[in-house]
Amino acid sequence: MQSFTEENYLKIIYHLSQNTDEAVQTNAIAEKMQTKAASVTDMIKKLADKQLIDYKKYQGVKLTPTGKSAAINIVRKHRLWEVFLVEKLNFKWDEVHDIAEDLEHIQSVELIERLDEFLAFPKSDPHGDPIPDKNGQFDSIPFTKLNKLKPGEQGLIMGVSEHSSIFLKHLEKLGLTLGKKLIIEEITDFDGSVELMLEEKRISVSREVAKHILIKL
C-alpha cells in the first residue's frame, strides 16, 4: 500500500509519461509537485525500493508495470469521484478537482466498484477525460483540438485538456461546455483567434483557449 504522497507521485509520473516513451525527468516532477528536486529524488528512491518505478540517476524514471497499474487505479478513482460530485451532488465542473484529489486516496476496492456501478459505468469524467475500467483499460475517444479545425468544419465539445478552475469558469461563461455543437466561422490570421457559431450565437476565442478544447467531429 502506498502513502498519499507516494500515490500523488505515481499519478504525476503517469501523466508526464503519457504520449512519450522517454523517461520522466526529476525537474519535471518537481515542477508539477511544486517542490524541490532534492525532495523528489528522496521520494523516487522510496518508489524504486518498492519496485513501483525504474530509476537511473541522471536519466529519469519510468513506471514499472506494478507502478503503472497503481497510477491508473488512482486516476480511475479520481475521475469516478468527479462524475459523482457533478452528477449526484450538483457541483460544477470547475469545483470538483480538489475534492476528488482527497477522495482518490480511499483504499476500499468494494466502494469504488459499487460507485462505478451506481454511476452506470461512465466512460468519461466531467471534463471529457476517459475513465479506465477495473482492469485498467481505457476506451479510445477520438478528438481534434479546436484550433486545428478549419472554417466550415463542425463538431461537438467532448473534453478539455486544461483543468484549472479559472479556465473552466471562462468556458462556462462563454457556454463552451461538454456536448455543445459548434461551427467554425473564421480563423484570424493575425493571432489565430477563432470565430465560431455556438447554438446561433457567434463568439470568439483566443488560440490559447482553442488549443485546449477537444472536439468530436
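User: Which residue's side chain has a polar atom 2.9 Å from the backbone nitrogen of Ser-3?
Analyst: That's Glu-6. Before we go on: this is a predicted model, where local features need pLDDT of at least 70, side-chain atom pairs count only at pLDDT 80 or more, and totals for chains, interfaces and linings use all residues. Residues are numbered from 1 along each chain as its sequence is written, and side-chain values use heavy atoms, with hydrogens and water left out.

User: Okay, and where is Glu-6 found?
Analyst: Glu-6 is in helix 1, residues 4-17. Helices here are DSSP runs of H or I with at least four residues, strands are runs of E with at least two, and both are numbered from the N terminus.

User: Is Glu-6 buried or exposed?
Analyst: Glu-6 is buried, at a relative accessible area of 6%. Buried means under 20% relative accessible area, exposed means over 50%, and partly exposed is in between, using a 1.4 Å probe and protein chains only.

User: What does Glu-6 touch?
Analyst: Leaving out residues up to four places away in sequence, Glu-6 touches Met-1, Met-43, Lys-46, Leu-47 and Lys-50. Contact means heavy atoms within 4.5 Å.

User: Let's zoom out. How many helices and strands are there in the chain?
Analyst: Eight helices and eight strands. The C-alpha atoms fill a box of roughly 55 × 40 × 25 Å along the principal axes, and buried residues make up 40% of the 217 residues.

User: Which domains is the chain divided into?
Analyst: Domain 1 covers 4-63 and domain 2 covers 144-216, with bounds from an automatic or database domain assignment. Their C-alpha centres lie 33 Å apart.

User: New topic: how many aromatic pairs does a search of the whole structure find?
Analyst: Two. In one of them, the ring centres of Trp-81 and Phe-84 are 5.7 Å apart with planes at 85°, so that pair is edge-to-face. Rings of Phe, Tyr and Trp (its six-membered ring) pair if their centres lie within 6.5 Å; planes under 30 degrees apart are stacked, over 60 edge-to-face, and the rest tilted.

User: Where do Trp-81 and Phe-84 lie?
Analyst: Both are in helix 4 (residues 65-87), three residues apart, which is about one turn of the helix. Trp-81 is buried at 8% relative accessibility, and Phe-84 is buried too, at 18%.

User: What else does Phe-84 pair with?
Analyst: Phe-84 also forms a tilted pair with Phe-118, 6.4 Å centre to centre and 55° between the planes. Phe-118 is in helix 6 (residues 109-118) and Phe-84 in helix 4, so the pair ties together parts that are 34 residues apart in sequence.

User: Is Phe-118 buried or exposed?
Analyst: Phe-118 is exposed, with a relative accessible area of 52%. The charged end of Lys-88 sits over the Phe-118 ring, 5.2 Å from its centre. For that label, NZ of Lys or CZ of Arg has to be within 6 Å of the ring centre and within 35 degrees of the ring normal.

User: What about Ser-204, which residues does it touch?
Analyst: Beyond residues up to four places away in sequence, Ser-204 touches Ser-193, Val-194 and Glu-195. Ser-204 is in strand 7 (residues 201-205) and is partly exposed at 39% relative accessibility. The side chains of Ser-204 and Glu-195 are joined by a polar contact of 3.2 Å.

User: Last one: what is the phi of Glu-200?
Analyst: Glu-200 has a positive phi of about 70° although it is not a glycine. Most residues other than glycine have a negative phi. Glu-200 lies in the loop between strand 6 and strand 7 and is exposed, at 78% relative accessible area.

Key: A polar contact is a pair of N or O atoms within 3.5 Å; within protein, one must be able to donate a hydrogen and the other to accept it, and residues adjacent in sequence count only if both atoms are side-chain atoms.
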